[in-house]
Amino acid sequence: MNRRQFLGSAALAGLALSTGLRPGWADEPKTFNVGFQKNGLLVVARNQRLIEKALEPRGIAVNWVEFQAGPPLLEAMNVGSIDFGTTGDTPPIFAQAAGADIVYVAALPSRGRNSAILVPETSPIRSLADLKGKRLAFTRGSSAHNVAVVALEKAGLTLKDVTPVFLSPADAGAAFATGSIDAWSIWDPFYAGAELNQGARVLAGGEAILRTTNSFFLANARFAKSHPDIVQTGIDALGQAGLWAEANRDGVAEALSAATGVPVAIQKRTAERGEFRASPVTPEIVAQQQAVADRFASLKLIPKPIDIASRVWRASQS
């Protein structure tokens, strides 16, 4: 498959660079720093060394940095510690509202199947309305934050009707195991791990709460402007990894496990629920993300309204 065919099949042709945009190689960085989490396309691309293979002829190494959640990943991106990475829908909103120098470069639309609100198997909580007055844990500024807000809205509640407990995924998992929290809004593979290892019961799945949602691939804005072709190399790798992942779910689970240390059984469930077709950041996706941002602004969860479209990267503008 040549590059043109590949980009078309991966729905990323609209992002392809013209050769006139490539900066002189003499000015290129020696390292492309990529932030990843314990799931998703970047892990598959890392396992297959897709970015490394593309950049090796140019003498550019790839440095992979793992994060538990999106907010710290974007903090690192803002200060230039990483150049490229992936998060759910909410971290870029909080980051943009705080003035972070980041841009959206690609998206991963999904039906929300890889997130849920969980309760212990024996919990008396049987509906979202039963969360009133309970301790609901999630990572502040993460996609789980948005899942929690929307879930409560569906039950006629707000965050003021529960006790929000802001915890990292690892700390929330420990609190869930000891009964220190009543419910947990979380994503895979932590979601799958709680199901398989802690007997967690799904109170509401993300597909019922959100119906449609997006994860995003982002870049440090200065890096993307100076090195658009390196960013494009990362995007191309996502398309190639996605084509393989859709046809090789068991292989995805093995790749995720090898890269993250999470047991294969957990990553298998993660892979079964995963969606792997990267997309350009289309006007429809921008509108969906703007709706999330507007919700957080109206609830005063971010200090001011933000404009998503202004932070969408276009290679032709670099």
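Colleague: Which residue's backbone nitrogen does the side chain of Asp188 reach?
Modeller: This is a predicted model: local features need pLDDT of at least 70, side-chain atom pairs count only at pLDDT 80 or more, and totals for chains, interfaces and linings use all residues. Residues are numbered from 1 along each chain as its sequence is written, and side-chain values use heavy atoms, leaving out hydrogens and water. At 3.0 Å, the side chain of Asp188 reaches the backbone nitrogen of Ala192.

Colleague: Where in the chain is Asp188 found?
Modeller: Helices (H or I, at least four residues) and strands (E, at least two) are DSSP runs, numbered from the N terminus. Asp188 is in the loop between strand E8 (183-187) and helix H8 (190-198).

Colleague: Is Asp188 buried or exposed?
Modeller: Buried means under 20% relative accessible area, exposed over 50%, partly exposed in between (1.4 Å probe, protein chains only). Because the relative accessible area of Asp188 is 0%, Asp188 is buried.

Colleague: Which residues is Asp188 in contact with, leaving aside neighbours within four places in sequence?
Modeller: Contact means heavy atoms within 4.5 Å. By that rule, the residues are Asn39, Asn114, Thr270 and Arg273.

Colleague: Which are the edge strands of the five-stranded open sheet?
Modeller: Two strands pair if DSSP finds at least two bridges between them. The sheet has mixed pairing and the order E7-E6-E8-E5-E9. Pairing on one side only marks strand E7 (163-166) and strand E9 (201-205).

Colleague: What is the bridge partner of Leu136 in E8?
Modeller: Strand E6 (residues 135-138) and E8 run parallel, joined by two bridges. For Leu136, the partner in E8 is Ala183.

Terms used:
A polar contact is a pair of N or O atoms within 3.5 Å; within protein, one must be able to donate a hydrogen and the other to accept it, and residues adjacent in sequence count only if both atoms are side-chain atoms.
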